[in-house]
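Here is a short report for a reader meeting this structure for the first time. Look it over, then read on section by section.

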Amino acid sequence: MINETYKEMLGKKSVIRSLSEFATKRGTEIGYDNVFDYSLGNPSVPVTENFTKVMINLLQHENPMALHGYSPTLGNPAFKEAVASSLNRRFAMSYKPTHIFPTSGAAGAIAHALRAVTKEGDEVIVFAPFFPEYIPYITGTGAKIKVVKADTKAFQINFEEFEKALTSNVKAVFINSPNNPTGIVYSEETIKKLADILRDKSKEYGFDIYLISDEPYREIVFDGKTCPYPSKYYDYTLSCYSFSKSLSLPGERIGYVAVNPAIPEAETIVAMCGQISRGTGHNCPASIIQQAVAKVIDETSDLSVYERNMNILYDELTSLGFEVVRPGGTFYIFPKALEDDAVAFSQKALKYDLVLVPADSFACPGYFRMAYCIDTEKVERSLDALRKFVKTEY
Ligand SMILES: Cc1ncc(COP(=O)(O)O)c(C=O)c1O
């Protein structure tokens, strides 16, 4: 007999994927250049030339057995060392390589982090709006997802609702800053307040509540700012990172879990991740990618295009009367739709070849997401369509 749970999931296709498929199909009719596809969060800038050189050099000169062989269960030592020292340098942390576990992107990191600190039936808090994949990420472990309503004023944390939700059944709290879909970066004040509440409640309940910090957009921050590093503020933090967005490597599946060294069992948690891999079959990423990334650890692709695109869209959206909080990072913007039903709003936008994602599946109805990881020239061309759409329909 086949598994009914996964069979049922087939009927719940991702809205983002469906819209992206629509855009591709429409592209075959009018040319993809004429479809203003703001659906998918796929990086639009290439990897650095240096990364390509490093890969070529590895392929030409490295021992093929080491390059294409299995990596150690707990990861390539050079990768772990490079990650630990980069985090220590940048955020004044004290990671050792033994606190780092390489994974297949952020998705892999989250799969390990969740299983390491929760068990079946535990509750995990997420803050709306959130990346819809959090539902399978969390429920797939047997844990239960508990959603805290959005703070739609600033898209920081709705602390009133959070404190109500933080009962003794909650074993982990999930955050994502810079955030998909809002583009908001949590302020230091938000992170400090969150950390204080977690410390107080951990004391009250007699166990440590874990913070799982999903950080694939950590490097995409605007206005010359940096994103506060949550693990600096709360010891019981597992930081889940990915090179998918910062180095434009989503297809290579490379990321890591960094376990805060202040956790008494930090090294045990990393060792447990090796055991979790055995059960999920989600073993270490390819040796060649771990070796290559170790050599370019502090490099990013040219991320400036995202800030340029954000500014163009933010200015246009506000001048058209949209209610929107200015993103501090990522390549997403999250305006309020011009009618209550964001699904209907997004359907109407399709008539103008504008592909906008309604935020119902992000647990924030009435809003929509634009993923502006596309060429600036296309963003500029889309403005006419946006104006025409708003003026004609509203
Ligand atoms: C918020 C968030 N978390 C996790 C992921 C998964 O990232 P990865 O491709 O590194 O697995 C994504 C991908 O878009 C994301 O937006």
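## Terms and model

Helices (H or I, at least four residues) and strands (E, at least two) are DSSP runs, numbered from the N terminus. The model is predicted: local features need pLDDT of at least 70, side-chain atom pairs count only at pLDDT 80 or more, and totals for chains, interfaces and linings use all residues. Residues are numbered from 1 along each chain as its sequence is written.

## Around the ligand

The ligand is surrounded by 13 residues. The closest are G105, A106, A107, S242 and S244. Helix α6 (residues 105–117) gives the most to this shell, with three residues.

By class, the shell has five nonpolar, seven polar and one charged residue. Here Ala, Val, Leu, Ile, Met, Phe, Trp, Tyr, Cys and Pro count as nonpolar, Asp, Glu, Lys and Arg as charged, and the others, Gly among them, as polar.

## Two domains

The chain divides into domain 1 (4–47 + 302–393) and domain 2 (69–295). These bounds come from an automatic or database domain assignment. The C-alpha centres of the two domains lie 27 Å apart. Their contact takes 27 residues from domain 1 and 28 residues from domain 2. Two residues are in contact if their C-beta atoms, placed from the backbone, lie within 7 Å.

On the side of domain 1 that touches domain 2, α12 (304–319) and β9 each supply at least two residues. Helix α12 gives the most to that side, with three residues. This side has 18 nonpolar, seven polar and two charged residues.

## The nonpolar core

The largest nonpolar core has 110 residues. Such a core is a set of buried Ala, Val, Leu, Ile, Met, Phe, Trp, Tyr and Cys residues joined through C-beta atoms within 7 Å. A residue is buried if 20 or more other C-beta atoms lie within 10 Å of its own, exposed if 12 or fewer, and partly exposed in between, with C-beta atoms placed from the backbone. A113, L114, I212, V257 and Y372 have the most contacts inside this core. Helix α6 brings the largest share, eight residues. The core draws at least three residues from each of domain 1 and domain 2.

Leaving aside its neighbours within four places in sequence, Y372 touches residues including Y38, Y306, F331 and V379.

All six residues of strand β7 (residues 237–242) are buried. T237, S239 and Y241 point one way, and L238, C240 and S242 the other way. Two strands pair if DSSP finds at least two bridges between them. Strand β6 (residues 210–214) runs parallel to β7, joined by four bridges. L211 has T237 as its bridge partner in β7. Strand β8 (residues 255–259) pairs with β7 in the antiparallel sense over five bridges. There, S242 has G255 as its bridge partner.

The peptide bond from A128 to P129 is cis, with omega near -10 degrees. P129 is found in the loop between β3 (123–127) and α7 (134–139). The bond from N180 to P181 is also cis, with omega near 25 degrees.

Is F155 buried or exposed? F155 is buried, with 25 other C-beta atoms within 10 Å. F155 has a positive phi of about 55 degrees although it is not a glycine. S248, in the loop between β7 and β8, has a positive phi of about 55 degrees and is not a glycine either.

Definitions and conventions. A residue is near a molecule or strand if its C-beta atom, placed from the backbone, lies within 6 Å of it.
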